[in-house]
2 protein chains.
Amino acid sequence: MRSAFHDELDSISASLLQMASLVKVAMSDATTALLNADLALAEKVIAADSEIDTIQHDLDARTINLMARQQPVASDLRTLVTSLRMSADLERMGDLAHHVAKQARMRFPNCAVPAELTATITSMGTVANALIDKLSSVMEHKDAVRALEIETDDDEMDKLHRQLIATLLDDNWKHGVESAIDMTLLGRYYERCADHAVSIARRVYFLVTGEYAAPVL
Amino acid sequence: MRSAFHDELDSISASLLQMASLVKVAMSDATTALLNADLALAEKVIAADSEIDTIQHDLDARTINLMARQQPVASDLRTLVTSLRMSADLERMGDLAHHVAKQARMRFPNCAVPAELTATITSMGTVANALIDKLSSVMEHKDAVRALEIETDDDEMDKLHRQLIATLLDDNWKHGVESAIDMTLLGRYYERCADHAVSIARRVYFLVTGEYAAPVL
């Protein structure tokens with residue numbers, strides 16, 4: 001028979017997966033809102049961020065409560081501490097989706113992304129979606145092998161980020177400083193979102209193997 | 001007689017203060033390196049970041065070890081969980097100082113900050129220093145009143161950040177897109193550093209009062 005403690009651990013893992021799922025929807029919707037200047041969708045992402053925050057708050061309270069009541073040691077304790085850290089990373093990823101959506105809203109009815117950067121931002125959104133999808137699977141199946149792959153997937157995001165900056169610096173850039181500021185911030189939001197995914201993947205890797213893949217970001 | 005447990009808690013608090021002190025030096029030196037195009041000082045900040053990371057790593061290991069051995073409940077457990085979160089915030093503040101220093105190094109022998117923004121960046125550095133100073137005192141003395149003040153101090157950083165963006169958007173801005181990108185990122189680093197200080201201050205407030213001043217950032 002499974003213990004009540006392990007049922008509670010499972011429920012914590014389920015809440016983390018729920019957060020990851022909401023973050024994925026938020027980032028995906030934020031990218032769509034940004035590229036299509038879709039105000040209603042941007043507003044939806046902005047409003048939905050508090051849901052992610054609420055789940056994190058509740059999840060952290062349950063995690064700390066479980067620590068206090070069950071006084072876990074060794075791997076169970078490590079799992080609970082890691083849950084707190086993963087929920088913080090996921091909450092921050094939600095914030096970054098929220099920032100992207102706010103940028104879309106700020107430039108409405110214009111599109112914040114100039115035509116030359118549509119492809120780059122589309123790709124950044126696609127890479128973010130794929131990263132978060134893989135991350136959910138890594139978290140669900142405690143998959144150390146795919147956790148390592150997320151490092152490589154993040155390299156793709158870094159490449160896109162460099163490409164974005166190169167476009168801004170090109171002599172042909174004709175959208176001025178305001179748009180360059182927007183795009184610099186947007187690039188940073190996508191890059192940081194991917195960094196947090198890598199950080200969570202490294203935590204899963206450590207939980208599973210007891211070894212560090214690389215320093216947690 | 002004080003328990004060995006409380007001695008260990010004190011030693012964890014001391015390490016958090018040590019991290020805050022290193023972060024303060026890093027941010028202060030990074031600002032000086034940036035404003036004076038001082039390559040040696042920038043390199044010093046960049047190299048010193050690993051020291052902050054090492055302290056965090058060691059501190060977190062000791063905190064988790066103490067949780068496992070002493071199985072604390074109630075306020076002691078809350079203190080240990082909060083220590084893990086504060087160390088993560090401080091580590092990130094160190095990263096942001098490191099980012100500022102890298103920006104200084106990247107533009108050497110030129111100064112990354114154009115003359116029109118010297119005063120703004122100087123002020124952002126001053127506000128960051130003052131915030132971290134106050135934060136150290138809040139952490140050391142578990143001072144809920146001053147913890148709340150840090151929220152207001154952060155408003156000053158937000159004001160400077162808006163001022164920085166306004167300068168970039170002014171018709172008189174003549175330093176082009178590359179410099180605007182640099183300054184956008186630098187502005188974000190200072191702003192995020194202050195946000196993390198606020199987040200730590202809110203955690204102290206919660207530990208002391210059992211109530212939330214505002215959502216932790």
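The model is predicted; local features need pLDDT of at least 70, side-chain atom pairs count only at pLDDT 80 or more, and totals for chains, interfaces and linings use all residues. Residues are numbered from 1 along each chain as its sequence is written, with chains lettered from A and ligands numbered from 1 in the order in which they are written.

**Confidence**
- The model scores ipTM 0.93 and pTM 0.95.
- Chain A has a mean pLDDT of 95, on the predictor's per-residue confidence scale from 0 to 100.
- In chain A, 98% of residues reach 70 or more.
- Helix 2 of chain A has the lowest confidence in that chain, at a mean of 95.
- Helix 4 (residues 115-141) of chain A has the highest, at 98.

**Helices 5 and 6**
- Axes are lines fitted to C-alpha atoms, for helices over the stretch in contact, and angles run from 0 to 180 degrees between N-to-C directions.
- Helix 5 of chain A and helix 6 of chain A cross in a left-handed sense, with the near helix turned anticlockwise from the far one by less than a right angle.
- Their contact in chain A divides into 18 nonpolar, 4 polar and 4 charged residues.
- In chain B, helix 5 (residues 144-169) and helix 6 (residues 176-209) pack at about 170 degrees, with axes 9 Å apart.
- Helix 5 of chain B and helix 6 of chain B are therefore roughly antiparallel.
- The crossing of helix 5 of chain B with helix 6 of chain B is left-handed.
- The contact of these two chain B helices has 18 nonpolar, 4 polar and 4 charged residues.

**Contact between chains A and B**
- Chain A gives 22 residues to the contact, and chain B gives 22; residues are in contact if their C-beta atoms, placed from the backbone, lie within 7 Å.
- Helix 6 of chain A gives the most, with 7 residues.
- The chain A side divides into 17 nonpolar, 2 polar and 3 charged residues.

**B:Thr31**
- B:Thr31 lies in helix 1 (residues 4-36) of chain B.
- B:Thr31 is buried, with 26 other C-beta atoms within 10 Å; the cut-off for buried is 20 or more, while 12 or fewer is exposed.
- Not counting residues up to four places away in sequence, B:Thr31 touches B:Val100, B:Ile121 and B:Gly125.
- B:Thr31 and B:Cys111 are 80 residues apart in sequence and 12 Å apart in space, C-alpha to C-alpha.

Key
Two residues are in contact if their C-beta atoms, placed from the backbone, lie within 7 Å. Helices (H or I, at least four residues) and strands (E, at least two) are DSSP runs, numbered from the N terminus. Ala, Val, Leu, Ile, Met, Phe, Trp, Tyr, Cys and Pro count as nonpolar, Asp, Glu, Lys and Arg as charged, and the others, Gly among them, as polar. Angles under 35 degrees count as roughly parallel, over 145 as roughly antiparallel, 65 to 115 as roughly perpendicular and the rest as oblique.
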